[in-house]
Amino acid sequence: MAETHDISFEIEGKAGIITLDRQHALNAITSDMVDGIAAALDAWEDDERVTRIIIRAVPGRAFSAGGDIRQLYDQAVTGAFDFDFFVREYRLNERIHAYPKPYIAMVDGIVMGGGVGVSYHGSHVVMGDQARFAMPEVGIGFFPDVGASYLLSRLKGPLSVKAGLFIGMTGIRIKAPDAVQLGLASHHVPGEQFDVVVERLCEGGNVDEILADAAIIKQNCALAGDAELIAAAFSQDDPLSMIAALEANGSNAAESIAAKMRAMAPLSLFVANRLVRKGRGLDMRGCMEMEYRLVRSMLTAPDFREGIRAAIIDKDGAPKWQPARLEDVTPEMVDACFADLPEGVPPLW
């Protein structure tokens, strides 16, 4: 496995440990990191010394704030996209989901995009007090990927897929108690206990018992107060109807959610809406295949380049979306995003 200054691999006791160490870039996932994790999983699958995998990050602001969108912007400017990176990344996401040994993600700090892909598909996701889960891609003219169509379509509790639509279409940050209740995370453990938990996991023993011993059971969930509002709005069929329901509600919370959605890329909102709904009827491989088709259409569309320009290049916060209004998005535009791969492009599987 290829170890770089951005990521390290070691066997400690019974555990194979992957440590993200790129805090200067908020642990944004790179091509080398994807390849390194894939190689580690290959090496440890048949290694009898390793009975579980742990992925963690050096302490800092982020577990991983996503992918390297500046690099993607540079590719958008030239039109020379490295689609092979997405092939390898998406295959890794599915490999983690299907991995035969316990795969335990110890997540504290921000976790978004590509960081979600290397953590939340594991068998166990442990979130600390500072963990913040988000899929904010609709705000840069993209869509929630790295298996979000699988994760967000299978949330637990009474909100279920409506919560997935809410998360994927607003980019809201979810804290550990809500993540556990929704089934995004398996455990909420205080961040200061992470080292102790990792030490116990390395010693061996039952993974579920070790995590249960450390977990906070009583959860104060922030979303509970807005559950009725979320259920009513996100049971609507399309973004325009959702926003209309929110605006009709008139509460401060509803107006805030509606305003947030109005600021997103209109086409991305419609794509995210269909993505989560379609994901509910697909297995993990099917979800990743659907997302790969979307990647090839949406990276090359003008909204992605414009969204990154407004967010991190010029930082003016004033993207000029195409189309500019939700009312101008047609079913044909959305259909085109989900179209089959171009002739000659090999499928993901």
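This is a predicted model: local features need pLDDT of at least 70, side-chain atom pairs count only at pLDDT 80 or more; totals for chains, interfaces and linings use all residues.
Residues are numbered from 1 along each chain as its sequence is written, and side-chain values use heavy atoms, with hydrogens and water left out.

Let me begin with the sheet. Helices and strands here are DSSP runs numbered from the N terminus, with at least four residues of H or I for a helix and at least two of E for a strand, and two strands pair if DSSP finds at least two bridges between them. On that basis there is an open sheet of 6 strands with mixed pairing, in the order β1-β2-β3-β5-β7-β9. The edges are taken by β1 and β9 (187-188), each of which has a single partner strand, so one side of each is left without a neighbour in the sheet. The hairpin of β1 and β2 has 2 residues between the strands, and Gly-13 in it takes a positive phi near 60°. As for β9, this strand pairs with β7 (residues 124-127) in the parallel sense over 2 bridges, and there Val-126 stands opposite His-187.

Now to the largest pocket. A pocket, on a 1 Å grid over the protein atoms alone and with a 1.4 Å probe, is an open set of points with protein on both sides within 12 Å along at least five of seven lines, and its lining residues have an atom within 4 Å of a point. The volume, which is the space filled by probe spheres set on the points, is about 800 Å³ for the largest pocket. Its lining comprises 37 residues, and those nearest its centre are Ala-65, Gly-66, Gly-67, Ile-69 and Ile-140. Which element gives the most to this lining? That is α2, with 4 residues, while the elements that each supply at least two residues include α3 (83-98) and α15 (302-313).

Turning to the aromatic residues, the structure holds 7 aromatic pairs, where rings of Phe, Tyr and Trp (its six-membered ring) pair if their centres lie within 6.5 Å, and planes under 30 degrees apart count as stacked, over 60 as edge-to-face and the rest as tilted. The rings of Phe-142 and Phe-143 have centres 4.6 Å apart and planes at 45°, so this pair is tilted. Phe-143 is buried at 0% relative accessible area, buried meaning under 20% with a 1.4 Å probe and protein chains only. Phe-142 is likewise buried, at 5%. Elsewhere, Phe-85, Phe-86 and Tyr-90 form one aromatic cluster.

Finally, some backbone details. A cis peptide bond, with omega about 0°, joins Gln-322 and Pro-323, and Pro-323 lies in the loop between α15 and α16 (331-337). Asn-27, in the loop between β2 and α1 (31-45), has a positive phi near 55° although it is a residue other than glycine, and it is buried at 0% relative accessibility. Ser-160 is not a glycine either, yet has a positive phi of about 45°; this residue is found in the loop between α5 (148-151) and α6 (161-170) and is buried, with a relative accessible area of 14%.

Notes:
Buried means under 20% relative accessible area, exposed over 50%, partly exposed in between (1.4 Å probe, protein chains only).
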